[in-house]
Amino acid sequence: MSVHTPNTRKVTTHRLIEMKRRGEKISMLTAYDYSMATLIDKAGIDVILVGDSASNVMAGNVTTLPITLDQMIYHGKSVMRAVNRALVVVDMPFGTYQGNSKEALASAIRIMKETHADCVKMEGGAEIRESIERILCAGIPVMGHLGLTPQSINKFGTYTVRAKEEAEAQKLIEDARLLQEIGCFALVLEKIPADLAKRVAEELTIPVIGIGAGAGVDGQVLVMHDMLGINKDFSPRFLRRYANLHDVIIDAVGNYINDVKSEDFPNESEQY
Ligand code: KIV
């Protein structure tokens, strides 16, 4: 068994910036419920993302678009009840911040008041500048998210690598600079070429956390269900599986079914 022994001090946005300065890599995973968040916080993860990927892995939707603010708040509250050490980031769901900055601020305030999370994450650059600035003005830390931004899947049309062409790469660099300049404390870069991600991470002073963005960034994030091998159907090149819980769970449940059917369970010591 591999046990990581972390510094038990609560992780803050400032600590992540210090970690980047010291060259200490940041570990981040998603969680959506109390039990899993308890485990990954105990294991010493630095950041827990209550991702809108809950729409896919918890609710079975094809995209992240259907999840609502109320549902994200439910997941955020469940995670916050579990966590002692990690910084907790809650994704602002699709449709709650793109319309106008007043609505964006109201959504972010609901997340912060009702979940008690540490900060929010928002997808996009210059086009949502006003919303990010208004949220930051209210004292709510914002993590940016550029590259493959799943809330825009209907515009992209595919989940393939983003910013391979010069024009899109240039826009991403400018958006990354802008997000730092207006005050985002960190940035997620999803599914872009490793060289581009490294260039952005080297230029910015805020931490850059990658998913499918190579090793030259300041930290890594994965969807917990993917890295634990719960979902076997999703196998992008960037995913490393650290367990095969799909088979472990199916075997365990199969054994339970057999024991019930054969009347092996419960035995005398398992009854009153
Ligand atoms: O919702 C999510 O899980 C995310 C990660 C993929 C970064 O935004």
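A polar contact here is a pair of N or O atoms within 3.5 Å; within protein, one must be able to donate a hydrogen and the other to accept it, and residues adjacent in sequence count only if both atoms are side-chain atoms. The model is predicted, so local features need pLDDT of at least 70 and side-chain atom pairs pLDDT 80 or more, while totals for chains, interfaces and linings use all residues. Residues are numbered from 1 along each chain as its sequence is written, and side-chain values use heavy atoms, leaving out hydrogens and water.

**Ligand contacts**
- A polar side-chain atom of Lys121 lies 2.9 Å from a ligand oxygen.
- The side chain of Ser53 has an N or O atom 2.5 Å from an oxygen of the ligand.
- For Asp91, the corresponding distance to a ligand oxygen is 3.1 Å.
- The protein covers 95% of the 260 Å² of accessible area that the ligand has on its own (Shrake-Rupley method, 1.4 Å probe).

**Ligand surroundings**
- Residues around the ligand (a heavy atom within 4 Å) include Thr30, Asp52, His145, Glu190 and Ile211.

- Strand E6 (residues 186-190) is joined to strand E7 (residues 208-211) by four bridges.
- Leu189 has Gly210 in E7 as its bridge partner.

How values were computed. Pairing = 2+ DSSP bridges. Helix = DSSP H or I, 4+ residues; strand = E, 2+ residues; numbered from the N terminus.
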